[in-house]
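Hi,

Here is the structure I promised to pass on. Please open it first, then read my notes below.

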Amino acid sequence: MSGIFEVRWHGRGGQGVVTASRILAVAAFNEGFVGVQSIPWIGAERRGAQIEAYNRISRTPILLHSQVYAPDAVIVVDPSIISEDNNAVVRGLKSGGFLVINTARSNIISSLRVPEGCSVYLVDATSICLELDLQVAGLEVLAMPMLGAFAKATSLVSLKSLEESITSSFEAELAKKNVDAVVKAYESTRKAHLMPEQYVPPVPPSKPIRIPEIHHWTDLPPVPVSTPSKGSIGNTGDWRTRKPVIDKEKCNKCLFCWMYCPEATINIDDSGFPQIDYNYCKGCEVCFNECPRKAISMVVEEK
Ligand code: SF4
Ligand code: SF4
């Protein structure tokens, strides 16, 4: 796999979508992918309301932080969502992508409309949850078996990595039940063979909401930001054991460091370079970790 593999989950509040998305991110990391993200999108905060979640999986670090608009795979945890609005579920799904659906209902399968070139995989996650009594507060945790179906469809993560991720997330008995559900789903997931007329032109992605368009930090609207000042126990700079040092040869003035510094101790000099105020920099290393150009090194304090 090259580039970023993007996943969009569709489910309802209480079905474990956000948890499963997080477990997938950890499993992908266990698998050796260094760039992984799990992003929940929750509208009405209530059980039963439609929610989405997103994953990004990459061999290299990911600098994009947004919803997923053109997924490589869509996972439909609750089949009623695709019956309600087929296009909303496949919007933006890339040709050659994967649609993984929890259903055993022939009427849903026969009414599917799928972008040309996509593969459809089906699993009866509902029956698996009922059989294993995999429920939380009376609702089947349908998203959990979908992890096994996703693994089978895409071969992106192994059962072993999923098992490790689940085992590190739940206590032993619950972990076993979740692992069993994932394995059962993996084994029973099958590729659907649709009729030619069920393949349709790709549905365009929904437009990201941008208010306003921001291409550079200078486009940001002015907001009041408090400036650091001396506290009753001195300057936060006194806490530091290692200090960040910027290499201007490598720095491209992207100002990620300025944006991420939790202490607002990075200013911008007249040439547009970041400039650290060492009176207040506490040496937390956030800038060091976020700099995409590796232009910041952490140097041991001599004091
Ligand atoms: S994040 Fe790195 S490259 Fe970007 S402005 Fe800061 S030091 Fe320079
Ligand atoms: S080390 Fe932490 S406090 Fe210091 S400049 Fe970097 S982000 Fe800010």
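Cys281 is buried, because 21 other C-beta atoms lie within 10 Å and 20 or more is the cut-off for that label. Keep in mind that this is a predicted model. Cys281 sits in the loop between strand S14 (274-276) and helix H10 (286-290). What does Cys281 touch, leaving out residues up to four places away in sequence? The list is Gly237, Arg240, Lys243, Pro244, Glu263, Thr265 and Ile276. Pro228 is 53 residues from Cys281 along the chain, yet their C-alpha atoms are separated by 9.4 Å.

Cys281 also brings us to the ligands. Ligand 2 is surrounded by 13 residues. Cys281 is one of the closest, together with Cys261, Cys284, Val286 and Cys287. By class, this shell holds eight nonpolar, two polar and three charged residues.

Ligand 1 has 13 residues around it as well. Here the closest are Cys251, Cys254, Phe256, Cys257 and Cys291. The shell of ligand 1 has ten nonpolar residues, one polar and two charged.

Lys253 has a positive phi of about 65°, although it is not a glycine. Leu255 has a positive phi of about 65° too, and it is not a glycine either. Lys253 lies in the loop between strand S12 (242-246) and helix H9 (256-260). Leu255 has its place in the loop between S12 and H9. Are these residues buried, exposed or in between? Lys253 is partly exposed, with 16 other C-beta atoms within 10 Å. Leu255 counts as partly exposed, with 17 C-beta neighbours inside 10 Å. An exposed residue would have 12 or fewer, and a buried one 20 or more.

Now the overall picture. The protein has 303 residues, and 35% of them count as buried. Its secondary structure comes to ten helices and 15 strands. The C-alpha trace spans about 70 × 45 × 35 Å along its principal axes. Take the contacts with a separation of 6 or more: 69% of them join residues 24 or more positions apart.

On to the helices, starting with H1 (residues 17-30). Ten of its 14 residues are buried, so H1 is largely enclosed by the rest of the structure. Those ten are Val17, Val18, Thr19, Ala20, Ser21, Ile23, Leu24, Ala25, Ala27 and Ala28. What do the buried residues of H1 pack against? The partners are strand S1 (4-12), strand S2 (35-42), strand S3 (50-58), H6 and H7. The length of H1 checks out. At 1.5 Å a residue, its 14 residues should span 20 Å, and the end C-alpha atoms are 20 Å apart, so the two agree. Just after H1, Gly32 takes a positive phi of about 110°.

Two helix pairs deserve a look. Two packed helices are described by the angle between their axes and the distance between the axes.

The crossing is right-handed. H1 supplies Val17, Thr19, Ala20, Ile23 and Leu24 to the contact, and H6 supplies Ala143, Met144, Met146 and Leu147. These residues divide into eight nonpolar, one polar and no charged.

The second pair is H5 with H8. Their axes come within 10 Å and cross at roughly 145°. This crossing is right-handed. Ala125, Ile128, Cys129 and Leu132 of H5 meet Lys177, Asp180, Ala181, Lys184 and Ala185 of H8. This contact has six nonpolar residues, no polar and three charged.

Last, H8 itself (residues 172-188). Its 17 residues should span 24 Å at 1.5 Å a residue, and the end C-alpha atoms are 24 Å apart, so the span agrees. Which residues of H8 are buried? They are Asn178, Val179, Ala181, Val182, Lys184, Ala185 and Tyr186. Their cover includes strand S7 (119-123), helix H5 (125-132), helix H6 (143-154) and helix H7 (159-167).

Best wishes

Key. Residues numbered from 1 in each chain as written. Chains lettered and ligands numbered in written order. Predicted model: local features only at pLDDT ≥ 70, side-chain atom pairs only at ≥ 80, totals over all residues. Near = placed C-beta within 6 Å. Nonpolar A, V, L, I, M, F, W, Y, C, P; charged D, E, K, R; others polar. Helix = DSSP H or I, 4+ residues; strand = E, 2+ residues; numbered from the N terminus. Expected span 1.5 Å × (residues − 1). Contact = placed C-beta atoms within 7 Å. Axes fitted to C-alpha atoms, helices over the stretch in contact; angles between N-to-C directions. Left-handed = near helix turned anticlockwise from the far one by under 90°.
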